[in-house]
Amino acid sequence: MGGSRVQVNKAHKTRFSSKSSRNLHRTSLQDRAKNAKADKNLVKGAKAARVQRSKMLREQKKAALLKEKRASGGSSSPPRVIVLFPLSASVNLDSLANDLLALLSPEAAGVASSTVASSQYRLRATVLKAPHGDLLTCMELAKVADLIAFVASASTPWEEDCSDFIDSFGSHCLSVIRSIGLPSTAVLIRDMPTDLKKKNELKKMCTSNLAAEFPEDCKFYTADTRDELHKFMWLFKEQRLTVPHWRSQRPYLVAQKVETLVDDESTGKCTLVLSGYLRARKLSVNQLVHVAGLGDFQLSKIEVLNDPFPLHARKGHDSMECDDLHREEVVSSLLPDPAKQEPLVFENIPDPLAGEQTWPTEEEIAEAERNLKQKKLKKRTLPRGTSEYQAAWIVDDTDEEGSDTGDDNDSGMVLEEGEDHFPYHENTNTRDFEDDEESLDLRDVDNETVNDSVMMESENLTREQIEDEIKKIKEAHAEDEEFPDEVETPLDIPARKRFAKFRGVKSFRTSSWDPNESLPQDYARIFAFDNLTRTQKHVMRQALEMEEESRDDCILTGSYIRLSVKEVPRGAASRLSLLASKSAIIACGLLQHESKMSVLHFSIKKHDSYDAPIKTKEELIFHVGFRQFIARPVFSTDNFNSDKHKMERFLHAGRFSMASIYGPISFPPLPLVALKVSEGSDAPAVAAVGSLKSVDPNKIILKKIILTGYPQKVSKMKASVRYMFHNPEDVRWFKPVEVWTKCGKRGRIKEPVGTHGAMKCIFNSVIQQHDTVCMNLYKRTYPKWPERLYPLLDA
């Protein structure tokens, strides 16, 4: 055993503690109660504040929901639009529409109107039928629908495979409507068997087959009997309808009656009169309106009419009284104020003398003289005996490019490092700078700026010629996918003239490019924002203030109005009147600046159902929200880490691209559906879908080409390359541009060899004989201005 140890205890663990040490940290009962009461009050106050805040938020949500419900289902709200959409050709929409109208209003049986007011359901509804096979009409109806009731037919025997509830057109049209934005949806199943067991099994089968095509909250209803339709309508009345966000930002009207008034025969203009219910927001008489397919116009007046379908109509009226009730009577009329009416401005009017050189001022002349004197005082090293006249022809060493051989100064080609300059040569033909691609044959892969293909611009082509042109476009599309951006240097045209507008760029991502350099003439016709986000917030705030304020020049939402749209082309108005019998005619109010032209950029993707190639600058019909216009886009990649975007010659399937167009300004986000009219077909096909991203004329889109050559003689890091150019002058012109190989080597041109365009190149590593030498060249490209802007206008 070890030696004895003295036990040492800690001071606070002593057995016998004094009274003072025991009461050192003890509090009195009064202090304890006081602290507890304070803590209790503190907790109680914080909890009360949280409870009060939660209660306030609940009351605000309830008030907003009640206001929305009253606005959508009250007597002052417009009728709800129910669009019946057939999922297959076997669906009979006429019988279903008649059953719904008879259920809502038995008194309206036999009346041709599609809008009824039901006192039983305390609801007004407009029942529209989407024709199977007409894609354009289905799209226009989907834009204004409050509820899309997709109708499926169960006429197929239930023992068989029932996977054909939706056909190819129904599936195709449903995908297009999804890209526009689906409102509230429901599925009605018709032609069900009378046996209850078979009926339930068939409904389960239909639900399982179609559930993946619709949103999760979409309900399935059987709709054969009156009781089943009554259940559907009662749930529809209580349902909170949701619409796409872009529809609630602008007032719009679905025309129930279209008329034309000719004011003067000589002008070729007329007044288009549209009658219908105002929806979404208030409309000002000083506001511009867009008529789908026609364009943007001013209003001459707005007339508020008596409601032809009041919700609380008097009881016991006969058919004669019903006709009197539906007769239009003007309640009030609004005329625009010329001082406040928004001007109809499409394009900016350029000043042709804005870029002219003016006579120099006295200050500029004095400054030039001072610079000349300083230049004369500057010491220069000249040979002995050189006269002043001879010295004027001697170039200073500081003016040289720093090249060993001096070829860089003679070439005129500028390598992009710091500032941006277009390569320019005094002997270059000016015609090449105007449009260096229009003079070439269609066989050149590089040619995308031709106004139209031969197939589009000539109407006298034979069927064989049209098929040959289509074959050429398909071959160019396949070649662009296999060898993107690679072009061949022409033998008959010098490369320095053929590619005069192109320049070399040191780094595509980091090199600077002036967005205001050498802009086309069309840029003088457009408008631009200093800050799009700030302008959009200001415009939306103005629209919200107009909605909340009580103004004399505004019409309340839900009013039955008659719009008088002035100065409409007579031919286009007559075509619109014929179209009104089978499609929905939409007029929407425009926000500030939305009639002006600018450069719009869309995120776009080729539709899965479209197989034909879509070439850049090809004419497409853009459906952007409620608006329709014609555009000729330029496709490009969307680079997030660079301010420059590479142009694409074709819109490739399976990936998103950017489509840049000249078009009327719209504020994002808005959905896009691009249609293309094929040769020999009247109905356009859906080519691409997407959404609006920005309005920015300064976005830089660069067309890239790759010139290729092949090593002839290789000696470690040096090689003699041929077939990239065909004369030594072209080699000297492009000497400052960096070259690279497909195996990852970097190099530069040293000097030309011989008279056939061969050149010596030196690389940063050993080059292989089988490698390919490439050179990247870039030029900025722009969209094409459309020949006509709106589809219904004369070409």
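Colleague: How many helices and strands are there in the protein chain?

Modeller: Helices are DSSP runs of H or I with at least four residues and strands are runs of E with at least two, numbered from the N terminus. This is a predicted model, in which local features need pLDDT of at least 70 and side-chain atom pairs count only at pLDDT 80 or more, while totals for chains, interfaces and linings use all residues. Residues are numbered from 1 along each chain as its sequence is written, and side-chain values use heavy atoms, with hydrogens and water left out. The protein chain contains 18 helices and 34 strands.

Colleague: What percentage of the residues in the protein chain is buried?

Modeller: A residue is buried under 20% relative accessible area, exposed over 50% and partly exposed in between, with a 1.4 Å probe and protein chains only. Of the 795 residues in the protein chain, the buried share is 44%.

Colleague: Among contacts with a separation of 6 or more, what share comes from residues 24 or more positions apart?

Modeller: Contact means heavy atoms within 4.5 Å. For contacts in the protein chain with a separation of 6 or more, residues 24 or more positions apart account for 78%.

Colleague: Is the pair of F150 and F214 stacked or tilted?

Modeller: Rings of Phe, Tyr and Trp (its six-membered ring) pair if their centres lie within 6.5 Å; planes under 30 degrees apart count as stacked, over 60 as edge-to-face and the rest as tilted. The whole structure holds 18 aromatic pairs. In one of them, the centres of F150 and F214 are 4.9 Å apart and the planes are at 50°, so the pair is tilted.

Colleague: How many residues apart are F150 and F214, and which parts of the chain hold them?

Modeller: F150 is buried at 0% relative accessible area, and F214 is buried at 8%. Together with F85 and F220, they form one aromatic cluster. F150 belongs to strand β4 (residues 147-153) and F214 to the loop between α6 (196-210) and β6 (219-222), so this pair links distant parts of the chain, at a separation of 64 residues.

Colleague: How far apart in sequence are the parts that W246 and F626 tie together?

Modeller: The ring centres of W246 and F626 are 5.0 Å apart with planes at 65°, so this pair is edge-to-face. Both W246 and F626 are buried. W246 lies in the loop between α7 (226-238) and β7 (252-254), and F626 in the loop between β22 (620-624) and β23 (627-631), so the parts tied together are separated in sequence by 380 residues.

Colleague: Over the face of which residue does R503 lie?

Modeller: A charge sits over a ring if NZ of Lys or CZ of Arg is within 6 Å of the ring centre and within 35 degrees of the ring normal. The charged end of R80 sits in this way over F236, 5.2 Å from the ring centre. R503, at 3.9 Å from the ring centre, lies over the face of W513.

Colleague: Are helices α3 and α7 roughly parallel or roughly perpendicular to each other?

Modeller: Axes are lines fitted to C-alpha atoms, for helices over the stretch in contact, and angles run from 0 to 180 degrees between N-to-C directions. Angles under 35 degrees count as roughly parallel, over 145 as roughly antiparallel, 65 to 115 as roughly perpendicular and the rest as oblique. Helix α3 (residues 93-104) packs on α7 at an angle of about 70°, with the axes 10 Å apart. The two helices, α3 and α7, are therefore roughly perpendicular.

Colleague: How many residues of the contact of α3 with α7 are nonpolar, polar and charged?

Modeller: The contact involves L96, D99, L100, A102, L103 and L104 of α3, and R226, L229, H230, F232 and M233 of α7. Ala, Val, Leu, Ile, Met, Phe, Trp, Tyr, Cys and Pro count as nonpolar, Asp, Glu, Lys and Arg as charged, and the others, Gly among them, as polar. The residues of this contact comprise 8 nonpolar, 1 polar and 2 charged.

Colleague: Is H593 buried or exposed?

Modeller: H593 is found in the loop between β20 (586-589) and β21 (597-606). Its phi is near 75°, a positive value in a residue other than glycine. At 19% relative accessibility, H593 counts as buried.

Colleague: What distance separates the C-alpha atoms of E594 and H290?

Modeller: E594 is also placed in the loop between β20 and β21, and E594 is buried, with a relative accessible area of 2%. Leaving aside neighbours within four places in sequence, E594 is in contact with residues including R250, D296 and R627. Although E594 and H290 are 304 residues apart along the chain, their C-alpha atoms are separated by 9.7 Å.
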